[in-house]
Structure formats: structure tokens, C-alpha cells
Amino acid sequence: MRITRTSCICPVLVCLCFVQRCYGAAHHGSIKVTRNQTKHIEGETEVHHRPKRGWVWNQFFVLEEHMGPDPQYVGKLHSNSDKGDGSVKYILTGEGAGTIFIIDDTTGDIHSTKSLDREQKTHYVLHAQAIDRRTNKPLEPESEFIIKVQDINDNAPKFTDGPYIVTVPEMSEMGTSVLQVTATDADDPTYGNSARVVYSILQGQPYFSVDPKTGIIRTALHNMDREAREHYSVVIQAKDMAGQVGGLSGSTTVNITLTDVNDNPPRFPQKHYQLYVPESAQVGSAVGKIKANDADTGSNADMKYTIINGDGSGVFSISTDKETREGILSLKKPLNYEKKKSYTLNIEGANTHLDFRFSHLGPFKDVTMLKIIVGDVDEPPLFTMPSYVMEVYENAKVGTAVGTVTAQDPDTANSLVRYLIDHNTEEDRYFTIDASTGTIKTAKIFDREETPWYNITVTASEIDNPGLVSHVPVGVRILDINDNPPELAREYDVVVCENAKPGQVIQTITATDKDNSANGARFHFFLDEGHSLNPNFTLRDNEDNTASILTRRKKYSRTAQEMYYLPVLISDGGVPSLSSSSTLTIKVCACERDGQVRTCHTEAFLSSAGLSTGALIAILLCVLILLAIVVLFITLRRNKKEPLIISEEDVRENVVTYDDEGGGEEDTEAFDITALRNPSAVEELKYRRDVHPEVKPTPRHHTSTSLDSIDVQEFIKQRLAEADLDPSVPPYDSLQTYAYEGHRSEAGSISSLDSATTHSDQDYTYLEDWGPEFKKLAELYGEIESERTT
């Protein structure tokens, strides 16, 4: 069986096709099924012919958003086998069959039972089949067809990205592109004008315009000024159906902000300003502010202030505060009302970022004049010098004048000044000052070698206004006098070799002086003249503040004399000249031929006997080896001795341990005192085999009866006597321990254990006479006595 798509080719189908085409828009399409049949003649052999089937169809359409009360008619299925007697049954399967689309299984009419939305689903694929109602056998093979949902204009255009925020520079050319907006329409763009969108502007004219096709927003005016108006709200509409009446529309808002450009020059609000500055203003401090206004913002309003001329350009300076865009006026030099009472400055404020497109609106700077009035202030006294340096000799007496400081009142009143030294440190206490004249005098004796310089601070204040104070530093240099004799620069270790030659320099010495170079730069060295001529050494002054020690003879010997003492006198060149005496110690040492010192100790003379250092080391090694052999031999001999203890039962190493606590002093049965008597004492006294005593004591024989009757004190005495008579004393690692408390005390036991059971005849009534402190004690003993009586 063959299924083909054909046109109307027979007179019967021409009418159906005409009806289909004319009915298509309103009633959509229909499918007609025709079938060629072969009849079987009775008695003839059945001849099989290839059946010819043909589907005649057009695409079905169904309108979306149908709102009628009855199901919407879609189309009709018809088979050639259908004779109208109801024997043919039509079956519909596929998308939406039975739920959205239903079919009359007898007539083949298809209806839509629900309202469809093309934007959700554009078409449905279904399958149709005609079967014999009686046998349920298919009369035609299953065929596929499509029901397409036909669009209507039910969706308005939408701006998916709105609302919009955009900027455009001010003063832009007319027609400058600002933004392109786009609206989307969910309707079918291939069917009619439902999705054809046209743009228009509802709000924002005459400043902006929109292209109706592309949606591009452009400026519509020349030179839009941000300073006049900065923000604009533009409403754009998108309408479908190509903008015709009845079309659906949507709108969005575009917020447009004009950005700043440098099109406004700075301007000072006034052409003349006046500023008051007191003469007491500190150098470097800010004394005033000035500002030029600029209608621009951001970097376009940045400016720089400069002083272009004026008589105060050397006294004042100006800088720019980048945050506030103000000019900060500062003081470069101190002001003096008495000398100059006013200054004039010409100040310029200019933009730093220029836009040459708007240079015709310039110049982008402005100038103003500032007059500064200097205010008169009562100032503190002013010293004639910023600092003073004075000198005084270290031997100056107390009260010696050192110098004078001077201060004056700079004001026109010219008040009297009072002087004072700040005694903040110990150095300030070495000087005094005359409060009226400012003369500084010494208050103590100085020592230049301890403190060569003093720093003090002098204050000056007006008598009429003591609160106004000024300070000046004063340095006092202590001048030196020759009051310190010279002395050797250090302790010298002078060495002379035994093989030294006459006239040989063995040491060069130098001197130092605590005084400065003016009182001791030249030193003179010579030997002490109080002694006779030294036959061993001499001294030579090198006339360069050094001296050399020389030998007078040869062949010095340590055995004859190990040390020599050489007194040296040193004098300085001060006035008067001072001198001091020092004694050099010269040691005699053995030296090599090249003069290198070998040794300076007399105990090393063995080397002169012909023994070298190597020989001495060999002898020492031999002695050490012999000592090691002797120690080893003695150790081996000791290890071969027999044990010192000859019996494991020796009483000196037996310790009897009892760890029972017992029942107290009343318990005499729990502890057997016979254990202390040590029954092993009856044995014969044993002696060490390695020592033979000269006298052996007589053996002791005790019976059991004597052991029971022996006293512990007697037992200990016997053991002590045996230890004293032991010929092997001192014993090796033996400890003899005996416990004996002694006889009972005549005073009786002071233990409280017997107090509860012993009946005392003591009368405690006297406790009541001892006063209230013993009242409780008397009551307690009174109760005890009454209980005993009961």
C-alpha cells in the first residue's frame, strides 16, 4: 500500500478540496481516505491486485487562545471504505490525543477541547488510522499528520533589560548615540505583524530621540549643560503590529545622566579680600584660607593656587588642599608689627586639567587681591643673640663673672626685663645670674678634666607681664690650666734578653697628660737624678714625646738578677712645668738569636743543661707510663683478697626488723624482748681469717637460763667490749645497732595512757581559786572526780 500526497484529481475529491481550501481559515483542514477495492466473483479464482490508496490532506490549523464554550473544530478524517453505515472506526493517537484533541470515531471529526498557547507549543504531531469496527482490523495503515497552532497577537513587546542607567558627556553634539534598547515579542514573527515592533519616545523630548526601527536613543539638542540639568528620565515605548491601532505595547525607562567636562573656569567670589594675622603667629603655621568656586566636579574642578606678586610673597606661601580645593596661606617668616603693619598679595587660582575643546570659554583661571593686616601682640623679650658662648678658667674663684646676656622688649612699651637660669640639671647649679643685668657668675669650682663644657638655659621675662618668657641657650667652655703632671701612657712590660748587646733599644715609652695640648704638648724624659749612674740601662729622649730605653752592657743573667727597676722622670711644657716619676720593671729573659723571647722563668733552666724540649716530653711520658703500671698492679692485688666477712651469720650484718605496731605501752605480751638479746650471741666469737689476733678472749658459755635472765643493758655492754677487743678494727662496712632505753625513770611515766585508769589522789579544787581563765578546767576535773567517786 502506498501513501502519497496528491492534489484533487477526481470529480468527487474536487469538491472536497474546494471545501477544504475555502474552509481552511475558519475550519482548518480535513483528510479524506479513499481506497480501491477488488470484488471476488463467485466461482472464479481470486486475482490479487495491488491496491492503490491515496491520502488527500492539508496541514491542520487551530487558533490559539480559543475561549468559546464549545470545542473548536479542527478538521475531518474520512476513508473511502466508509459507506456511512458506521462500520469504519477512526482512531487518533499522538500528542494531545484524547486530552486536547478528540475525534468522533464514526464521522472522523476532530475537535480541540482546550485553549492552546502557541508560545508554549507551536504544533502537535498525531497519527490517524481507520479500522473495521466489527473485526478491529485496520482498513488503512497508520498515517502521521500535524496540527499547527495558529498565532494571534496576544503578547505585548517586553524590554528584558530595563530599566536602564546610562551616561553621556555634557556639551555633546546633537545626534550623539546614548543607548540602544531592544524589545522582544513572543508572537510568531513569520505570521502577520504580531511580532513587528516599532519604537517611540513617550517622555524625554525635546532632549532625546529614538530610532523607531533600531531603538537607538540619541541626543536631540546641542550643548546640553550638566550645570543646568544633570539627570533625565526618558520613557521608550515598543508597539507591535508595526505600530498600527490595536497593537500591543510595552515601555521602559532610561535614566540618563550628563557627565561633567571642564567647561567652567574657576572664579573667586570677591576681587578683594582682607585677612588679620597677629604678629605672634608661628613660622610654618596656617594663617588663612581662600577658595575659588568651580561649577565642574571631580578632576575638572581641581585647581592650583599661586602668589603671583605682592610685597608679601617672601613672607607668605600658599598651598592647595586637594580635598577641599582651598588655598592654605602659611607664614614663611616671622611678623613684626613694629616694622611692617600690612602686606598685599595677588593670588591666582587655575584649573590643572584643561579640555582644549572648550578653550574658547576660558581663560580657566582667576585672580584676586588679598590684604593682610598684621596685629600688634605683647611679645616676650627678645635676646640680642640666638645663643651665647662664654669661657672661664677652671681655677676661677666662686663669683667670677663669666659673661652677660641681653634681652629687650620688642614692643613699643619697652618694659624692663628680668633674667633667670633654669635649674633643671646639675650643670645649671654651677652658675648664677644677676636678675637685672644678666651677668652670669660662677657658683662652684670647676675641673676641666671632669667636665670641659656646660650648657645652661637663661630665661627672660617682662616685669610687667611675667607670663611672657623667652629662652636662650648659653654654652660655657672651661679653659684649661696646667694642673696635671704627665704620666706614662700605659703599663709597660719591658724585657731585656740575656744576650743583649750594649746600646740596644729594648723599649720605647710615651707619656700622656690630662691637660690639653696648650699645657703639655711637649714632654721631656730623663732618669731620676737622685740615684747614681745606672750601670745597666740608660734613657734617650727622642724629642717627639717618646723616649727609648737602652742597654749599657751585655750578658745579662737571670740567675744573677731576674728583675731590674728603672725610675723615669717625665715633665711637661706648661707654665709652670709639672713632672712625675714612674718606675719601669725590666725582666731578664732567654731569647732566640733573632731576639724572640723564649722564656722568662728561672725554673726552665734545665734547658741550659743540654736537654731539649723533645727530651723533656719523652721523660714525662715514661714517668706517666710507669705510674699507670703501678696503679694497675695494686688494683689486681686487691681484687685477689678473700672476702672480709667470713660467715653469713656474722652479727655485724644481721638486722632484725619488726614492723608490728603493737598495742601501746600497756601491751607487754605482743612484743617479746628476748629477740633483742640475740640468741646467736651464745656462739663463739668468730674472727677474720686474714687477721690473727694476739690475744683471744675466753669463750663464753651461756645456758638458756642465763639468756632469759640477762639484762639488756648488760648485753649491750658485752657487745661493746667485744667490739673494742676486736683486733680487726676498724671493721669493714659493719654497723652494730642495739636498742636500749634504760631503766625506768624515778619520776614515773608521763604518758597519758595510764592517766585514765590510774586513780590519783590529787585534789583539783584549787583550780577554782585560779580565776575565770581556769573555770572550765576546774569544771572538767570536778566532773572526772565525781565520776570516779560514783
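This report describes the predicted model of one protein chain, from its overall make-up to selected residues.

## Basis of the model

Residues are numbered from 1 along each chain as its sequence is written, and side-chain values use heavy atoms, with hydrogens and water left out. As the model is predicted, local features need pLDDT of at least 70 and side-chain atom pairs count only at pLDDT 80 or more, whereas totals for chains, interfaces and linings use all residues.

## Confidence

The chain has a mean pLDDT (the predictor's confidence in each residue, from 0 to 100) of 78, and 75% of its residues reach 70 or more.

Where pLDDT is low, the predicted coordinates should not be read in detail.

## Overall composition

The chain has five helices and 41 strands. These elements are DSSP runs numbered from the N terminus, with helices (H or I) of at least four residues and strands (E) of at least two. Of the contacts with a separation of 6 or more, 67% are between residues 24 or more positions apart.

Of the 790 residues, 32% count as buried. Buried means under 20% relative accessible area, exposed means over 50%, and partly exposed lies in between (1.4 Å probe, protein chains only). The accessible surface of the chain comes to about 49,500 Å², and carbon and sulfur atoms account for 53% of that surface. Accessible areas come from the Shrake-Rupley method with a 1.4 Å probe; for residues, only the protein chains shown count as cover.

## A buried residue and a surface patch

Ile570 is found in strand β39 (residues 563–571) and is buried, with a relative accessible area of 0%. Leaving aside neighbours within four places in sequence, the contacts of Ile570 include Pro486, Leu488, Ala511, Phe523, Phe525 and Leu578. Ile570 and Thr512 are 58 residues apart in sequence, and their C-alpha atoms are 9.8 Å apart in space.

Leu624, in helix α2 (residues 613–639), is by contrast exposed, with a relative accessible area of 55%. Leu624 belongs to a nonpolar surface patch with Leu616, Ile617, Ile619, Leu621, Val623 and Leu627, and together these residues have about 630 Å² of accessible area. Patches are made of residues with over 30% relative accessible area and no salt bridge; like charges are joined within 9 Å and nonpolar side chains (Val, Leu, Ile, Met, Phe, Trp, Tyr) within 5 Å.

## Salt bridges

The structure holds 17 salt bridges, each a side-chain nitrogen of Lys or Arg within 4 Å of a carboxyl oxygen of Asp or Glu. Arg226 and Glu227 form one of them, with the closest N and O atoms 2.8 Å apart. Arg226 is buried at 10% relative accessibility, while Glu227 is partly exposed at 27%. Both residues belong to a network of salt bridges that also links Glu230 and Asp260.

Lys340 forms a salt bridge with Asp311, where the closest N and O atoms are 3.5 Å apart. Lys340 lies in the loop between β21 and β22 (342–351) and Asp311 in the loop between β19 (303–309) and β20 (316–321), so this pair ties together parts that are 29 residues apart in sequence. Lys365 and Glu348 also meet in a salt bridge, at 3.9 Å from N to O. This pair links strand β23 (residues 365–375), which holds Lys365, with strand β22, which holds Glu348, and the two residues are 17 residues apart. Lys365 is partly exposed at 41% relative accessibility, but Glu348 is buried at 17%.

## Backbone geometry

Most residues other than glycine have a negative phi, and most peptide bonds are trans. A cis peptide bond joins Gly162 and Pro163, with omega about -5°; Pro163 lies in the loop between β9 (143–150) and β10 (164–169). Another cis peptide bond, with omega about 5°, joins Gln205 and Pro206.

Asn223 has a positive phi near 50° and is placed in the loop between β14 (216–219) and β15 (231–239). Glu543, which is not a glycine, has a positive phi of about 60°. Glu543 is located in the loop between β37 (537–541) and β38 (546–551) and counts as exposed at 61% relative accessibility.

Methods:
Contact means heavy atoms within 4.5 Å.
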